[in-house]
Amino acid sequence: MSQVTTEKGVGLRGRISEWRRVTEYVIVFAILIESVAFAIISPEFFSVPNLINIALSIAITGILAVGMTMVILTGGIDLSVGSVVALAGVVAAMIAAGGGSTASVLLGSAAALAVGVAVGIFNGFVVAQFRVPPFVATLAMLTICRGLVFTITGGRSISNLPPAFAIVGRERVLGLPVPVIIMFVVFAAGWVLLTRTVFGRYVYALGGNPRAAFHAGVNTKLITFLPYVLNGLLVGLAGLVLASRLGAGVPNAGLQYELDVIAATVVGGTSLTGGRGSVIGTLWGAIFIGVLNNGLNLAGVDPYMQRIALGVVLLLAVLADQAGKTQGGQAAR
Amino acid sequence: MTSFVRLFCLSLLIASFALINGCQRAEQGGGSTSSSPTGKRIGVTLLTREHEFYRDLEAGLKDAADRQGYQLTVTSGDFDLAKQQSQIENFVVQKMDAIIVCPADSKGIGPAIEQANNAGIPVFTADIAAQGGRVVSHVASDNLAGGRLAADFIARAIGGQGSVGIIGQQEVQTGLDRENGFKEELAAKHPNIKVVAVLNGGGVRDRSLKAAEDMLQGNSGLKAIFGINDDSALGALSAAEARGRADLVIVGYDATPEAVEAIRRGSQLKADVAQQPRDLGAKTIEVIRTHFAGGQSPASISVPVKIVDAESLKASGGQ
């Protein structure tokens, strides 16, 4: 957040090693292979509109995955994201619909972000202060928030929103949908934060070896806490974008998003034990899954088969990634 | 090593989801009881109370039961098989005169129904059928007929030819029935209409939106989309609106207030197949009354569905 002290020691060499780290991902080749395969099956695949369509389809997952990467890098996890996406979206829609004006849309948008941050603060506090395992803390939050959504809406969607509500979800700038632009900005910000700031180095240090980090003088409580808050902000943002795209606050939105998001993060090479991984890898992971879903849909693959294919390919991707790392002799951090 | 750690974490993740189910199992529904203590007692376990459909179904049951002087005990299984099983067990212990079940899991509910059978309590299912155990009668909307109505509406709206898509939910029987009714009707009566894409929207709006976007992307000449419930159809509507596909015809299912509103304002959502949950509830009580009187009821009873479009909305002057 405020710790944007830039790291000066990263020169050309650092950048080269980083590029090598990126290219080491087997995932990039996997994306190329699946893209070629889908392009052969359906000519529609490589058209510009479809590529934009894919980008749009991963926008929400992508925004969430940046926050999740940060949390997982510290050795934590956040299972509550799907429920909070729904909660933030519903709160934004309720406030926007209640006022019915552009001002109320702004207020609702701010409220969505605030909801995300509030849940993030709560998650982070419980995990950092009371050392509750993040699995349990965020799992509790998952059910609490979903229950809350159904309670405040009575299970009904909130629609009839002012026109301004559609801007973040449906508008385009220079041909690019706004959610896609937001996703790229979030990825860029996440990349800078994790690779170019002291905060980022502390996150890696904490996830890699908490004890060593503590003895090196890292404020481990704070560095455990902050990623949950930043993640919460992104979850609120994702909830707002999704509600805007749907044109409604939908109480059953975001079901099982935690799985999609964790999948994108893990396929992108981030270790669930913390300390290893990157935002760029996560972007590749999100692209990989987005391309797969889109390609299977375009190819008209039977919905049953799609589920099997997705599971198998996910497993293969992780195995291949793992094999690549072991061969590389733990070169990549 | 790290791969083992990773596997371990993943299995923890899976275990955690099992845990959620476990937690939900722990809490048991109380249930509300209504009206006259002298009449027959009927235990009801609904699938959920969070859907409007089930609230209307409950209202239909209650009205009809009140008229017959039956005492109704209504509980909700909240999509949880174990919870529903223990609710049925409670009804057996309470020696209810009849039990109505809207199963959370068609197959899994079998043993609980057998328990009621063994206690000599007649069991009826409403909306969702059960497999296993003896069920006197199953009362449900005719989902195949609903799919056919949707097909006929779309055929008329697009002039009897062109390509159409379905946003379905293939893991649920009612969803499959609607999809199959739709396909059968097109094949039988509208051979010039081709179903070019069938995708799974999971019955929820965000996934249906994504599915619809891929569908519209991959099939530029697509003329119509049938969504097997309103969240599927409203997801498709969001996609059509975002792409400016003003010509697309969308037909949904269930006629929720939001869908009705979309039809009324002249959006691409042109019609909805409407179930009549109140009628469904009333019919179920009627079947039970026949059974109490010693009469025979058919094993399967269909409650008609109807199509709702801008014209019928205008004609009914509101809802």
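What share of the 333 residues in chain A is buried? Here are some notes on that and a few other points.

1. Buried residues come to 53% of chain A, where "buried" stands for 20 or more other C-beta atoms within 10 Å of a residue's own, with C-beta atoms placed from the backbone. Please keep in mind that this is a predicted model, in which local features need pLDDT of at least 70, side-chain atom pairs count only at pLDDT 80 or more, and totals for chains, interfaces and linings use all residues. Residues are numbered from 1 along each chain as its sequence is written, and chains are lettered from A and ligands numbered from 1 in the order in which they are written.

2. Chain A has 14 helices and 2 strands; these are DSSP runs numbered from the N terminus, H or I of at least four residues for helices and E of at least two for strands. Of the chain A contacts with a separation of 6 or more, 80% join residues 24 or more positions apart. A contact here is a pair of C-beta atoms, placed from the backbone, within 7 Å.

3. Helix α5 of chain A covers residues 102-130, and its 29 residues reach 41 Å from first C-alpha to last, close to the 42 Å expected at 1.5 Å a residue (1.5 Å times one less than the number of residues). A:Arg131 follows α5(A) and has a positive phi, near 55°.

4. For the helix pair α3 (residues 48-73) and α13 (residues 279-298) of chain A, the axes come within 9 Å and cross at roughly 145°. Axes are lines fitted to C-alpha atoms over the stretch in contact, with angles from 0 to 180 degrees between N-to-C directions. Among the residues that meet are A:Ile54, A:Ile58 and A:Ala65 in α3(A), and A:Leu283, A:Ile287 and A:Gly290 in α13(A). This contact divides into 9 nonpolar, 9 polar and no charged residues; Ala, Val, Leu, Ile, Met, Phe, Trp, Tyr, Cys and Pro count as nonpolar, Asp, Glu, Lys and Arg as charged, and the others, Gly among them, as polar.

5. A:Leu64 touches A:Val81, A:Leu234, A:Val235, A:Ala238, A:Tyr257 and A:Val261, leaving aside residues up to four places away in sequence.

6. Between the chains, the contact takes 28 residues from chain B and 35 residues from chain A. On the chain B side, α7(B) gives the largest share, 9 residues. By class, that side of chain B has 11 nonpolar, 9 polar and 8 charged residues.

Note on methods:
Two residues are in contact if their C-beta atoms, placed from the backbone, lie within 7 Å. A residue is buried if 20 or more other C-beta atoms lie within 10 Å of its own, exposed if 12 or fewer, and partly exposed in between; C-beta atoms are placed from the backbone.
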